[in-house]
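Hi everyone, thanks for coming. Have a look at it first.

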Amino acid sequence: MIGIGNPLRGDDGVGPAVVEALKRRGLPEGVEAVDGGQAGLGLVGLMEGADRVVLVDAAEMGAEPGAFRAFGPEEALMAGEALGCGVHGARVGVALRMAEALGCLPPDVKVVGVQPRQMGWGVGLSREVSQALPRVVRAVLEVLGSSCGSCIREE
Amino acid sequence: MSGVNVRVEVEHLTRVEGHGNIVLDVKNGEIKKLEWTVVEAPRLFEAMLRGRRWDEVHHIACRICGICSVSHTCASLRATEAAMDIPISDQTLKLRKLIFHGEMIQSHVLHVYLLAAPDLLGVGSVFPLIQTHREVVLRAMRMKKLANDISHVIGGRHVHPISLIPGGFAALPKREALEGLRERLEACKADLEATVDLVKALKLPDFERETEYVSLRMPEEYAFYEGLIYSSDAGPAPVEHYREVTNEFVVPHSTAKHARWHRNSYMVGALARVNNNYGMLRPEAKAAAEAMGFKAPCFNPFMNNVAQVVETAHCVYDAIAVLDELLQKGLQQEAFKVEPKAGRGIGVVEAPRGILFHDYEYGDDGRIVRANCIIPTNQNHESIEDDFRALVPKILDRPQDEVRHTLEMLVRAYDPCISCSTHYLDVTFI
C-alpha cells in the first residue's frame, strides 16, 4: 500500500495520513505500507516487485469532500495522458503509464482516490477528509483483502 | 536581421515542474519582449515553519519537494544545529553525505534521461523515448531506484527521509543493507559508463555566455553538504552573508523573486559547481567529463546536463568510498542529547539544482520565531533571461519553431523545479 501526496498541502496529505493510520492499526501479514510522498516517477520503482499495489491519493472527482472510491489503473492512466509529461511532479497517472510502457506495472494495481476539500499550502486535513479517514482505511483494507484473500484483521 | 518577425509564446512549458511561460516578441528584427515568466503562488513555507518545535521543523522542510527532500532536510537540520550549537559526529556527517549522494544521483538521472534527453534524441517526451530507446529508460529507472534505495537505507524512506534528526540519527542502517548498497553501486558503474556514452553522442546547442557561478566550496572535497559560499567573480563569502549574495528582487512579469550578486544575474546548479570546484572532483568524474568533451570552466548553459552526469559519476564513486569507510569502522550507536535554546542558525547546502539556504531564528522555547528559505531555482530565473537575451539575436534567422524549441531546451537545461515555490500540478482523475 502506497500513500501519495504532500502533507503540507492540506488534503493532499491524505495518502501519507492513511499510511500512518494503517501502521498504527497494524498491517495485515505480507502487506507493506509506504509513505510515497511526492515520489513522482520514483513510484515506478516503489511498486516494482510487488504482487499487488493499492495506491491512495487525493483525487479530484467532482464529488463531496471526503468521498472516496477505488478504481483500476485505466482511469488513472487516462489522467496521466491528459497531463502530458511534466515528470518532475509526475503523480499516479504518469507513473502508472510509465510503468505500463516499461512492462513493469505490477499485475494487480488499484487506486483509492479521496476527494479533497482543499489542497492549498497548509498542514492538516480538512474536517471532511479527516472524518472520512477511518472509512478510507477500512476501504483500503478491503481492497487489499479482495486482492490478497483473508489477510485482513477486522477492527 | 531587420524585417524579421518572430512570436513565441510557450504557456506551461512541459517537462519542468510548475507553471513557467516563455514570451518572445520580435518585430522588424527588434526584440520587443523576451521573458521567462514564473507563475508562483505565495511561498508559505516560512509561515508554516513559524511556531514549530526544533525537533519537527526538518520533517516539514523535507516535504517541500519530492526531488530535493534530502537537501531541504539537511539545510533545515544544519540551520537548527547552528542555532542551538548542536554538534554532530563524524559518523553522522558521513551518513548524511551518503544520503546526499543518493539524492544527487536520482535527481540528475531523472533530469538528464527523462527531461532533457527527449529533446536531444528528437522525441517529444519520455513516452516515445520508451518506444525508441527502451533500454535507455530502463537504465535510468534502475539508477534512480538505486538512488532512492540509498535514501531508504540511510534515511528510512525512499523520499522524505525520516531518521535524520538534529544531532544525529533516530535509527541506524543495518550493516547488510549498507553492504547491499555497495554491491549495487559497484554494478551501477556499468550504467554510468553507458550514460557517459549516451551523453557524449548528444549534440548540444553551441552557445556560450560567461557569467558569475555561485556554489559552495570546501578546501579538500567536492562541496555538497557544507562549505563556504563561493563566487567565480569574487571568491569566498561566509554563509552569514547569504542575503548579500542573493539580493532577492521582484520583477513585474513574474511572481517568483529573482536574484543577483556581482552582475545582473548569477548561475547556480551542477554547471556552477563543476566550474567552481572541478579540481575537487574524483578522478573518475574528471575522466567522465573529458570523455564527454566537458572542459571547466564551461560557459555553455546547455552543458548543465553534462555537468550533471559528471556529478553523478562523482557521487557513485564517492558513495562507494564513504560506504567503505563506514563499513570498515562499523556503525556505532551514539548517544546525544539536545538542549533546545534560543538562537539563529543558517543552513546552506547544495541541492541538485544549486545552493539552498535555510535561515531560522528560535525562541527560548525552542520554537521558530522567523524563517527564511531561498531555493536554487529562484536564483536562476534572472540568469535564464540573460541567456535568452544573449541567445535570441544569434538564432533569429532560424524558423520560428526552432527558436521556440531552443528556448525551451535552454530553460530545461537549468532543470528548474518550480514546485518548490509554486502551485503543485493537481492531477484530475476522470
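Let's start with the largest nonpolar core, which has 151 residues, and in which A:Leu55 and A:Met98 touch the most other members. By nonpolar core I mean a set of buried Ala, Val, Leu, Ile, Met, Phe, Trp, Tyr and Cys residues joined through side-chain atoms within 4.5 Å. Buried here is under 20% relative accessible area, exposed is over 50%, and partly exposed is in between, with a 1.4 Å probe and protein chains only. The element that gives the most to this core is helix α11 of chain B, residues 304-329, with 14 residues. Domain 1 (6-38) and domain 2 (45-420) of chain B both contribute residues, so the core lies between them. Those domain bounds come from an automatic or database domain assignment.

Before I go further, the ground rules. This is a predicted model, so local features need pLDDT of at least 70 and side-chain atom pairs count only at pLDDT 80 or more, while totals for chains, interfaces and linings use all residues. Residues are numbered from 1 along each chain as its sequence is written, chains are lettered from A and ligands numbered from 1 in the order in which they are written, and side-chain values use heavy atoms, with hydrogens and water left out.

Back to A:Leu55. Which residues does A:Leu55 touch, not counting residues up to four places away in sequence? They are A:Ile2, A:Leu43, A:Met47, A:Val92, A:Leu96, A:Val109, A:Lys110, A:Val111 and A:Val112. Apart from the core we began with lies another core, of 24 residues, including A:Met1, A:Val14, A:Val136 and A:Val137.

While we're on chain A, its secondary structure comes to five helices and five strands, in the order β-α-β-α-β-β-α-α-β-α along the sequence. Helices (H or I, at least four residues) and strands (E, at least two) are DSSP runs, numbered from the N terminus. Of the 155 residues in chain A, 59% are buried. Taking the contacts in chain A with a separation of 6 or more, 74% are between residues 24 or more positions apart.

Now the aromatics. How many aromatic pairs does a search of the whole structure find over all chains? Six. Rings of Phe, Tyr and Trp (its six-membered ring) pair if their centres lie within 6.5 Å; planes under 30 degrees apart count as stacked, over 60 as edge-to-face and the rest as tilted. A:Trp121 and B:Phe45 have ring centres 4.9 Å apart and planes at 85°, so they are edge-to-face. A:Trp121 sits in the loop between β5 (108-114) and α5 (127-148) of chain A, and B:Phe45 in helix α1 of chain B, so this pair joins two chains. A:Trp121 and B:Phe45 are both buried. Another pair, B:Tyr242 with B:Phe357, is stacked, at 5.1 Å centre to centre and 20° between the planes. It links distant parts of the chain, 115 residues apart: B:Tyr242 is in helix α8 (residues 242-246) and B:Phe357 in strand β11 of chain B.

Strand β11 (residues 354-362) runs antiparallel to β12(B), joined by six bridges; strands pair if DSSP finds at least two bridges between them. B:Glu361 has B:Arg370 in β12(B) as its bridge partner. Five residues lie between the strands of this hairpin, and B:Gly366 takes a positive phi near 75°. Five of the seven residues of β12(B), residues 368-374, are buried, so the strand is largely enclosed by the rest of the structure.

Next, B:Glu46, in helix α1 (residues 45-49) of chain B. B:Glu46 touches B:Ala371, B:Asn372 and B:Cys373, leaving out residues up to four places away in sequence. At 13% relative accessibility, B:Glu46 counts as buried. An unreviewed UniProt entry annotates B:Glu46 and B:His423 as "binding site"; such positions are given in the numbering used here, feature names are shortened, and annotations may be inferred rather than shown by experiment.

Last, some backbone geometry for you to check. B:Ala296 and B:Pro297 are joined by a cis peptide bond, with omega about -5°, and B:Pro297 is in the loop between α10 (283-291) and α11 of chain B. B:His160, which is not a glycine, has a positive phi near 55°, and at 0% relative accessibility B:His160 counts as buried. Thanks, and I'm happy to take questions!

How values were computed. Contact = heavy atoms within 4.5 Å.
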